[in-house]
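Hi,

Here's the structure I said I'd pass along.

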Amino acid sequence: MDLNNYEKLLESAYERIPENIKQSNRFEIPKVILHLESKNTYITNFNKIINTLNRDKKHFFRIFLQKAGTMGEIRGNQLFLKGRYKEQVLNRLIEIYTKTYVLCSVCNKPDTVIQRESKKLFLKCAACGVREEIKEK
Ligand SMILES: [Zn+2]
């Protein structure tokens, strides 16, 4: 084997390792999979998204509809929305929800729980221990 080539192979192998580790640890929200029917939209992978966010279905649903400015309902594993929506728009709304209600504002990890205290909501992070009030927008 050509030594030069061998070194290049080694180099590229090393370059790939941190990338792989980063990917397996990264928190990634599944992108919405939509089914459009007449004037309505179904998010068919709603359950998967909720499971990834690890939040209460009804809490997410309420905030999400409010932000989308429409009506809808949870139908089994799907989320039904009145109106036709583009994927990018809904993905963006989920991102906004995630930033506010899931990701720790200090360490940016999703290992959090929502705690309710009188009328205030707090996000408690299991990764870094921070507890911060959630500022609803
Ligand atoms: Zn944290």
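Helices here are DSSP runs of H or I at least four residues long, numbered from the N terminus. Keep in mind that this is a predicted model.

I'd start with α2 (46–53).

Which residues of α2 are buried? They are Phe-46, Ile-49 and Leu-53. These residues sit on the same side of α2, because they span an arc of only 65 degrees around the axis. The buried residues of α2 pack against β2, α3, β4 and α4.

Now the core. The largest nonpolar core contains 13 residues, and Ile-43, Phe-46, Ile-49, Leu-53, Leu-79 and Leu-90 have the most contacts inside it. At least two residues of this core come from each of β2 (40–43), α2, α3 (57–68), β4 (78–82) and α4 (87–101). α2 gives the largest share, 3 residues. Beyond its neighbours within four places in sequence, Ile-49 contacts Ile-29, Pro-30 and Ile-94.

One more spot to check is Asn-77, in the loop between β3 (72–75) and β4. Asn-77 counts as partly exposed because it has 13 C-beta neighbours inside 10 Å. Leaving out residues up to four places away in sequence, Asn-77 touches Phe-46 and Asn-47. The C-alpha atoms of Asn-77 and Ile-50 are 9.9 Å apart, with the two residues 27 apart along the chain.

Cheers

Technical notes:
Residues numbered from 1 in each chain as written. Predicted model: local features only at pLDDT ≥ 70, side-chain atom pairs only at ≥ 80, totals over all residues. Core = buried A, V, L, I, M, F, W, Y, C linked by C-beta atoms within 7 Å. Buried ≥ 20, exposed ≤ 12 C-beta atoms within 10 Å, placed from the backbone. Contact = placed C-beta atoms within 7 Å. Arc of directions from axis to C-beta.
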